[in-house]
Amino acid sequence: MASPPDATRTVSAGLGPSAARMAQLNKATEHLDPPFAVVDLDAFDANAADLARRAAGSATIRLASKSVRSRALIRRAVQRQGYRGILAFTLPEALWLAEEHADVVIGYPTTDRTALRRLAADERAASRITLMIDSIGQLDFIDEAVGTSRPALRVCIDLDASLELAGGRLHLGPYRSPVHTPQQAAALARAIQDRAGFHLAGVMSYEGQIAGLGDNQPGSPLKRAAIRAMQRVSAHELADRRAAAIAAIEAVAPLEFVNGGGTGSIEQTAAEHAITEVGAGSGLYGPGLFDFYRRFRPQPAAYFVMSVVRRPTAKIATVLGGGWIASGPPGLDRQPTLSWPRGLRMNPMEGAGEVQTPLLGRAAHALRLGDHVWFRHAKAGELCERVNTLHLVSGTDVVEQVPTYRGEGHAFL
């Protein structure tokens with residue numbers, strides 16, 4: 001994703017909650033010692049409702065758990081109308097979530113032999129969990145890991161959703177599955193159907209070049225225009241190819257679900273006739289990378305808070321830590337976004353640091369030692385890898401404290 005041209009990463013006009021709401025959140029949590037994380041439940045619930053609205057009744061939302069990473073908030077979201085099932089990211093996580101949830105699809109293939117043996121030995125878990133497959137080699141791996149004398153394991157085919165041009169020489173989108181054409185998809189479906197010990201339950205495809213790439217990036221108008229043109233071409237090509245692939249697969253075996261898309265492409269993906277559900281989760285928290293989409297604007301709901309610990313000059317306030325950088329290609333857009341107080345910016349020579357983040361701007365002049373500064377992570381669930389607890393605020397009060405995966409003693413990546 002393109003990086004904003006300004007390394008200061010200030011909050012732009014129209015982005016984020018009102019100053020009044022930020023003041024309420026700050027007041028509700030002023031008794032807490034940083035670093036800590038906050039989820040604005042009012043914004044979280046509004047975002048959950050908006051994700052379901054964007055699916056427009058044509059599809060349900062399968063919640064992407066990696067974007068939430070708190071069992072309490074996963075539970076809060078999936079109980080809403082318009083949501084059905086979870087899209088997990090590892091098999092150990094899926095086994096844990098399946099203790100409570102009856103429909104868990106793993107978004108990525110697994111080579112975790114211990115977890116596979118647990119799955120094969122647990123009929124209840126095997127009926128609730130669907131593994132991701134994109135090659136015959138993965139079927140072979142599972143058979144070697146757990147043997148063939150077992151209940152049938154549910155599997156889902158990962159159909160590559162990237163845009164390939166010039167005979168495949170130009171690849172736009174994530175490098176995921178090698179299954180790209182309808183013919184390849186049908187061949188893998190036949191291999192699954194012909195092999196004992198497996199049941200083909202569904203198909204998934206994730207169009208990261210559309211769902212995960214903002215089409216309203218600051219900077220070059222030409223680059224914005226190029227992104228939008230690529231996304232239009234990709235959406236049209238994928239809709240035709242995905243429909244053909246699903247038809248080819250269903251000529252081999254019926255499917256229970258067809259999953260596609262992500263938070264950034266819900267409307268387009270849900271409109272495809274072949275789609276029954278859309279995977280989404282990041283839109284619940286509204287992280288910084290979602291500030292630059294035209295079709296939707298989630299409310300920022302998840303924050304982390306740092307404390308001012310030094311004043312190197314009258315115009316600079318420095319917080320302890322702050323460098324909670326997002327994964328992906330290194331760039332300015334992977335840095336956290338400053339949310340409160342308004343009018344702060346980072347020093348472009350230091351950025352968000354491991355041990356300190358100097359802050360500039362008019363608002364920095366008035367900050368005192370111990371004052372709280374609010375940040376948003378660039379991505380959604382990665383925030384929860386840094387903290388054990390999420391402080392949930394509704395209205396003007398902290399109403400609950402819930403553990404993250406880390407806080408429950410789990411690290412699934």
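## Close-up views of a predicted chain

**View 1. Arg69 in the loop between β2 (60-64) and α3 (71-78).** The model is predicted: local features require pLDDT of at least 70 and side-chain atom pairs pLDDT 80 or more, whereas totals for chains, interfaces and linings use all residues. Numbering runs from 1 along each chain as its sequence is written, and side-chain values use heavy atoms, without hydrogens and water. Elements are DSSP runs numbered from the N terminus (helices H or I, at least four residues; strands E, at least two). Arg69 is not a glycine, yet its phi is positive, at about 55 degrees. Its relative accessible area is 6%, so Arg69 is classed as buried (under 20%; exposed is over 50%, partly exposed in between; 1.4 Å probe, protein chains only).

**View 2. Ala166 in the loop between β7 (163-165) and β8 (170-172).** Ala166, which is likewise not a glycine, has a positive phi of about 55 degrees. A relative accessible area of 44% is the reason why Ala166 counts as partly exposed.

**View 3. The cis peptide bond between Pro34 and Pro35.** Omega for this bond is about 0 degrees. Pro35 belongs to the loop that runs between α1 (19-28) and β1 (36-40).

**View 4. The cis peptide bond from Trp340 to Pro341.** Here omega is near -5 degrees. Pro341 is placed in the loop between β14 (337-340) and β15 (345-346).

View 5. With a relative accessible area of 15%, Arg154 is buried. When neighbours within four places in sequence are set aside, the contacts of Arg154 (heavy atoms within 4.5 Å) are Ala126, Ser127, Ile129, Thr130, Leu131, His199, Ala201, Glu256 and Phe257.

**View 6. Ala380 in the loop between β17 (372-376) and β18 (389-394).** Ala380 is buried, its relative accessible area being 4%. Excluding neighbours within four places in sequence, Ala380 is in contact with Ser67, Ser282, Tyr285 and Pro287. The C-alpha atoms of Ala380 and Leu289 lie 8.9 Å apart, although 91 residues separate the two in sequence.

**View 7. The whole chain, as the setting for the close-ups.** The chain contains 12 helices and 19 strands. Its C-alpha trace spans about 75 × 50 × 35 Å along the principal axes. The radius of gyration of 22 Å agrees with the value near 22 Å for a compact globule, because that is what 413 residues would give (C-alpha atoms; 2.2 Å times the number of residues to the power 0.38). Of the 413 residues, 56% are buried. Among contacts with a separation of 6 or more, 69% join residues 24 or more positions apart.
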